[in-house]
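Here's a quick briefing to read with the model open beside you.

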Amino acid sequence: MRIVIEITKYLMLIMMGAYTYHAFKASAKKNDNALKKTFRQMTIFLFLFHFTGYFTMYIQLQSEKLLLLYGGQVVLFILVLGFYKIIYPTISGLLIRNMLMLLSIGYIVLTRLSFDKAVRQFIISGVALGLGLLVPIFVQRFSSIRKYGWIYGIVGLAFLVLVLLVGTENYGATSWLTVFGLFTIQPTEFVKLLFVFCIACLYSEKTDFKRVCAVTAMAAGTVLAVVFQRDLGGALIFFVTYIFMLYSATGKHLYLLSGLAGGSVASWVAYKLFDHVKVRVMAWRNPFVYIDKEGYQISQSLFAIGTGGWFGMGLYQGLPTTIPVVDSDFIFSAISEEFGGLFALCLILLCLNCFLHIINVSLKTRDSFFRLLSLGFGVMFGFQVFLSIGGVIKFIPSTGVTLPFISSGGSSIVAVIMMFMVIEGIINGDNSLNIRKADANIADDIHEE
Amino acid sequence: MISMKNKGEKNKHIGLKDKSALNQEPSVSKDTGRKTILSIVYIFVGLFVLMMGYFTFFLLAKSDDVINSTYNLRHDVLAKRIIRGNIMSSDGEILAETITDEDGNEIRSYPYGDMYAHVVGRVMRGRAGIEEMENITLLTSYSNSAEAMYNDLVGVKNPGNNVISTLDHKLSKVAYDALGENRGAVVAIDPRTGKILAMISKPSYDPNNIDQNWESISEDSDNESPLLNRASQGLYPPGSTFKLVTALAYMRANPDYLDYNYKCKGTTDYEGMTISCSNNKVHGNLDLKEAFSKSCNTSFSTIGKELAIDDFRQLSESLFFNKPLPARISNNPSSFLLKTGESGVKESMQTAIGQGRTLISPLHNAMLAATVANGGIMMKPYVIDRIESAGGRLLKGYIPEEVARLMTAEEADYLKSLMRSVVTDGTASRLNKLDVKVAGKTGTAEQEGKKPHSWFIGYAPANNPRIAISIIVENKGSGSEYALPIAEKMFNAYFN
Ligand SMILES: [Zn+2]
């Protein structure tokens with residue numbers, strides 16, 4: 001038994017490493033055939049990894065339910081790879097595979113942490129992927145979607161205000177909405193998408209001073225509404241996304257610098273004003289002094305990462321459940337504990353690969369709306385990954401942000417799948433955008449600079 | 001990062017066609033757009049690289065200390081995979097080991113029973129001592145070898161790392177035997193490095209069968225506190241050993257201290273309180289050195305009367321009274337309670353001769369003697385010399401750390417001459433016959449209604465100190481009677 005767990009542990013690390021390596025290789029590939037070959041290898045590693053993960057769990061639990069869940073996920077992966085390829089032949093195969101790889105890591109870790117949550121995650125993400133099939137068509141067929149900038153912004157803001165009025169509290173943040181008493185959603189996750197759409201619409205029209213003022217006011221309102229929900233990480237994501245979109249739309253360094261300066265001042269004010277901010281900073285600076293209370297979570301997270309070491313403890317061999325909310329905000333610690341630090345580094349690289357790929361779309365497309373849209377989504381995705389991982393490894397104060405595709409959480413998984421599908425829609429729909437080029441050329445640009 | 005590898009291939013495949021395609025996009029805004037996007041890419045790649053660097057740094061450099069925390073529940077998980085390592089003395093004796101019996105049961109064994117119970121500690125009924133401090137080390141196997149990985153694979157437990165302590169078994173044994181059935185503690189430190197050579201506390205308990213005897217040990221019906229490490233956690237009135245601090249306070253307040261002169265009449269009175277020299281002896285005319293070597297109470301209490309309380313307190317606190325000792329070993333802070341506005345002259349006089357409300361731990365007293373011996377620089381005391389793999393490979397060595405210079409070289413030199421005179425012409429003349437030149441100070445801490453505690457602090461050789469010791473024997477009698485013979489045996493053992 002023990003020997004199998006040990007072997008599969010190293011196997012999973014090797015497959016993850018190989019997958020990540022190929023993902024970067026695919027980013028740089030120009031040649032059609034070579035790219036196809038790389039994609040094929042990525043698909044193989046994806047399925048092997050997924051199989052090894054569930055195999056390791058099955059030999060320890062021997063539960064038929066596991067097999068059922070595994071089977072369902074395999075079918076889902078096959079359908080996604082098949083359908084998307086048939087319907088959208090010029091879609092980015094790299095982004096789809098990265099998404100599935102991240103999802104499979106999430107499925108395995110969640111199954112290990114809580115079977116019920118894993119099932120829920122699987123169903124919700126499956127439905128989202130099915131619906132997501134329609135998103136690229138929308139993006140490419142209906143050019144009118146870019147005309148409703150203000151509406152997106154106002155609807156988003158309205159949602160946030162609604163949550164403030166009738167929302168329910170969870171983990172200290174009031175950002176959940178109960179729908180018909182049936183289930184709860186976290187509207188912030190969807191407002192994120194509307195927000196990026198809104199900014200992209202408005203700034204692709206014009207970027208004169210008047211427009212900048214108006215849009216900034218609306219963005220500030222949105223950020224404030226999230227702050228009032230006591231969702232600091234969310235507010236930071238909105239804020240940073242806006243600042244970078246503004247910078248990119250106008251090209252003015254002044255906006256970027258004053259935005260970042262304003263953000264720093266606002267953070268300082270928030271630190272002075274709100275106790276829950278102070279507590280987070282305190283716990284970050286010295287978690288072990290406050291280990292019994294404020295620093296408990298981050299201390300447990302560091303214990304998990306440290307004890308796991310470079311190679312990890314192996315599935316079911318660690319104690320990730322001693323970390324509060326391990327299945328959402330702190331899932332990275334659980335991964336690092338049982339899969340190991342090297343695996344965790346690969347995971348960071350894989351997220352970076354997704355970020356670069358999305359930004360590359362922004363760099364290549366000639367449509368200014370699409371350029372801003374993909375830039376906004378890229379920044380949003382990258383910054384969320386940074387906040388989530390940075391927070392649990394004590395690089396930055398923890399802000400309670402989920403890790404895209406991996407953390408449990410219905411709203412967040414649906415939103416991020418939709419986000420990726422919009423990107424796929426841009427790639428597939430923009431005829432000027434040669435896919436191979438989109439996959440390839442960011443490296444050139446970095447090089448040329 | 002991504003580009004390097006395929007640069008060649010890229011040029012081949014794309015060539016001129018794509019380059020010209022790019023040139024056909026004339027818009028200036030597109031170019032600024034590209035630039036801003038690229039700078040955003042740089043910012044994010046930078047953030048990610050920093051984050052990955054921090055993560056790597058954490059795993060490489062910081063995680064060992066972090067995961068050693070007693071709050072880390074994963075210790076028990078590791079214990080299932082690794083045979084706990086040994087704790088050794090500096091002279092190669094096994095102080096703690098894990099023995100696996102025929103049935104595969106692991107037993108933690110302490111070959112010297114209750115001798116090292118406090119400093120080496122235990123793993124049952126709560127962890128303590130080195131067993132606690134280095135828990136993760138003992139439960140970690142040096143894993144870079146192929147053998148360790150193979151063992152992991154086939155499910156054989158790997159041997160944990162060994163902790164080599166600074167404890168000198170020969171010296172510890174002598175101290176343990178010399179303390180006999182008495183209650184008390186002995187601490188020996190190498191003043192040059194801070195290495196703890198011996199740390200004995202009595203009464204003790206046998207960690208080998210603590211589980212069976214836990215009830216009686218923890219109930220402590222005789223009020224003997226066997227679980228307490230008296231050496232670092234026991235607090236006692238320092239008695240005349242405190243005259244070392246008083247002498248330093250006097251020297252700081254009176255630069256002409258060499259001209260000190262006092263005529264001892266055997267007693268001194270202050271508002272109805274009488275302080276007398278031991279056995280009511282009349283010492284006559286004394287300079288500071290004579291007053292110290294004879295341990296003249298009337299001289300020193302008179303000094304105490306004249307010292308500014310604030311200065312006295314400040315000096316004491318600079319010597320680590322009223323704060324935790326700079327040591328990893330768990331300790332209770334010594335206390336110095338004289339305070340302007342709260343304490344009267346009487347208390348000052350008592351404090352100056354080590355009575356009053358002052359309390360000190362034997363470890364702290366050893367550190368003070370070691371600081372004088374080391375020319376005024378206090379070294380951080382430590383009990384773990386190095387970590388070795390089961391195969392004997394050095395994994396981590398602890399190096400001596402300076403705490404601070406607490407007194408000038410001149411001050412330390414003069415204090416050394418005072419302590420030396422205690423042996424040549426004073427209360428510790430019993431040690432004068434040893435081959436090695438010893439310096440020290442005896443102390444007798446009076447106890448209301450009980451026999452006094454017997455103290456000795458000192459070091460040797462006087463001109464080039466290699467060992468500093470602190471000994472207390474509880475409720476037995478005077479320092480020269482009970483603590484000195486123990487010191488004698490220890491110096492004899494250490495220098496032969
Ligand atoms: Zn006298």
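A quick word on terms: helices (H or I, at least four residues) and strands (E, at least two) are DSSP runs, numbered from the N terminus. This is a predicted model, where local features need pLDDT of at least 70, side-chain atom pairs count only at pLDDT 80 or more, and totals for chains, interfaces and linings use all residues. Residues are numbered from 1 along each chain as its sequence is written, chains are lettered from A and ligands numbered from 1 in the order in which they are written, and side-chain values use heavy atoms, with hydrogens and water left out.

**Nonpolar cores**

- A nonpolar core here is a set of buried Ala, Val, Leu, Ile, Met, Phe, Trp, Tyr and Cys residues joined through side-chain atoms within 4.5 Å. Buried means under 20% relative accessible area, exposed over 50%, and partly exposed in between (1.4 Å probe, protein chains only).
- The largest core has 161 residues, and the members that touch the most others are A:Phe332, A:Leu347, A:Leu373, A:Phe381 and A:Phe405. Helix 15 (residues 341-364) of chain A gives this core its largest share, 16 residues.
- A second, separate core holds 113 residues, including B:Leu319, B:Val383, B:Ala460 and B:Ala468.
- Setting aside neighbours within four places in sequence, A:Phe405 is in contact (heavy atoms within 4.5 Å) with residues including A:Met99, A:Gln121, A:Phe381 and A:Phe420.

**The largest cavity**

- A cavity is a set of points, on a 1 Å grid over the protein atoms alone, where a 1.4 Å probe fits but cannot get out; lining residues have an atom within 4 Å of a point. Points are joined across faces, edges and corners, and a volume is the space filled by probe spheres set on them.
- There are eight cavities of 30 Å³ or more, and the largest contains about 100 Å³ of space.
- Among the residues lining the largest cavity are A:Glu189, A:Lys192, A:Phe381, A:Pro404 and A:Val416.
- Helix 8 (187-205), helix 16 (368-392) and helix 17 (410-429) of chain A each supply at least two lining residues, with helix 17 giving the largest share, four.

**A sheet in chain B**

- Six strands of chain B make an open sheet with mixed pairing, in the order 4-3-2-6-14-15; two strands pair if DSSP finds at least two bridges between them. Its edges are strand 4 and strand 15 (394-397), each pairing on one side only.
- Strand 2 (residues 87-88) and strand 3 (residues 94-100) of chain B run antiparallel, joined by two bridges, and B:Ile87 sits opposite B:Ala96. Their hairpin has five residues between the strands, with B:Gly92 in the turn at a positive phi of about 85 degrees.
- Strand 3 also pairs with strand 4 (residues 106-109) of chain B, antiparallel over four bridges. Here B:Ile99 is opposite B:Ile107, and B:Thr98 is opposite B:Arg108.

- A cis peptide bond links B:Lys202 to B:Pro203, with omega about 0 degrees. Another links B:Ala460 to B:Pro461, with omega about -15 degrees.
- B:Ser295 isn't a glycine, yet has a positive phi of about 55 degrees. B:Ser295 lies in the loop between helix 11 (288-293) and helix 12 (297-306), and counts as buried at 10% relative accessibility.
- B:Asn322 has a positive phi too, near 65 degrees, but counts as partly exposed at 30% relative accessibility.

Conventions. On a 1 Å grid over the protein atoms alone, a cavity is a set of points where a 1.4 Å probe fits but cannot get out, and a pocket is an open set with protein on both sides within 12 Å along at least five of seven lines; lining residues have an atom within 4 Å of a point.
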